[in-house]
Amino acid sequence: MNIYLDLFLTFLKIGAVSFGGGYGMLPLIKEECLNHNWLTEESVLNFVAVSESTPGPIAVNMATFIGSSQAGVGGAILATLGVILPAFIIILIIASLVKNLFKYQGVQAFLGGVRPTVSAMILSTALTLFLSGVLAIKTVKSQVAFDWQALVIFAVVFVTATLYKHFRKKAISPIILIIISAGLGMGLYSIV
């Protein structure tokens, strides 16, 4: 099959059957990349790290990077289009059918019930990333492998964000925190 068509159809399938946002798509993206021999297991993890630290949704970034690595600019465009097209069409249909949806009490009740779940999912993702990034805990049976560099980076970013908010009375830009953590990562991991 043509690589361009293969990229488009693969990411179209991922976009059509994935729910829960970009992090919900990551297992499917990983499986498809390994099945097509587009990336190795280690490369997938590297792509996730880069996709998380670049602006935009992680699934869109992953599709763009994977498409680019396999077929250049054309592959990047087609993979990205494939992953966003299903959501775009669904949202377009919903928006055209239900213009005054939020005025209904049932919809407000539904959203009131969903908000705590979304908060819990975000907190769970943050905790999982912390445990795997700083303590190398990937499963319940994993041994703790303390990563002092990751802990230093986490502490510096946390203290910087907290102090900035305390003294400036507003949150620091996430871009600045990413730049700080990238610089610390390059410095700390290169001295080991």
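This is a predicted model: local features need pLDDT of at least 70, side-chain atom pairs count only at pLDDT 80 or more; totals for chains, interfaces and linings use all residues.

Residues are numbered from 1 along each chain as its sequence is written, and side-chain values use heavy atoms, with hydrogens and water left out.

The protein has seven helices and zero strands; these are DSSP runs numbered from the N terminus, with helices being H or I of at least four residues and strands E of at least two. Its C-alpha atoms fill a box of roughly 50 × 50 × 35 Å along the principal axes.

Now look at α3 (residues 41-53) and α4 (residues 58-97). Their axes come within 9 Å and cross at roughly 125°; axes are lines fitted to C-alpha atoms, for helices over the stretch in contact, and angles run from 0 to 180 degrees between N-to-C directions. The two helices are therefore oblique to each other (under 35 degrees is roughly parallel, over 145 roughly antiparallel, 65 to 115 roughly perpendicular, the rest oblique).

Who touches whom? On the α3 side you'll find Val44, Phe47, Val48, Val50, Ser51 and Glu52, and they meet Ile58, Asn61, Met62, Phe65, Ile66 and Ser69 in α4, with contact meaning heavy atoms within 4.5 Å.

Helix α4 has a twist in its story. It bends by about 145° at Ala71, the bend being the angle between axes fitted to the seven residues ending there and the seven starting there.
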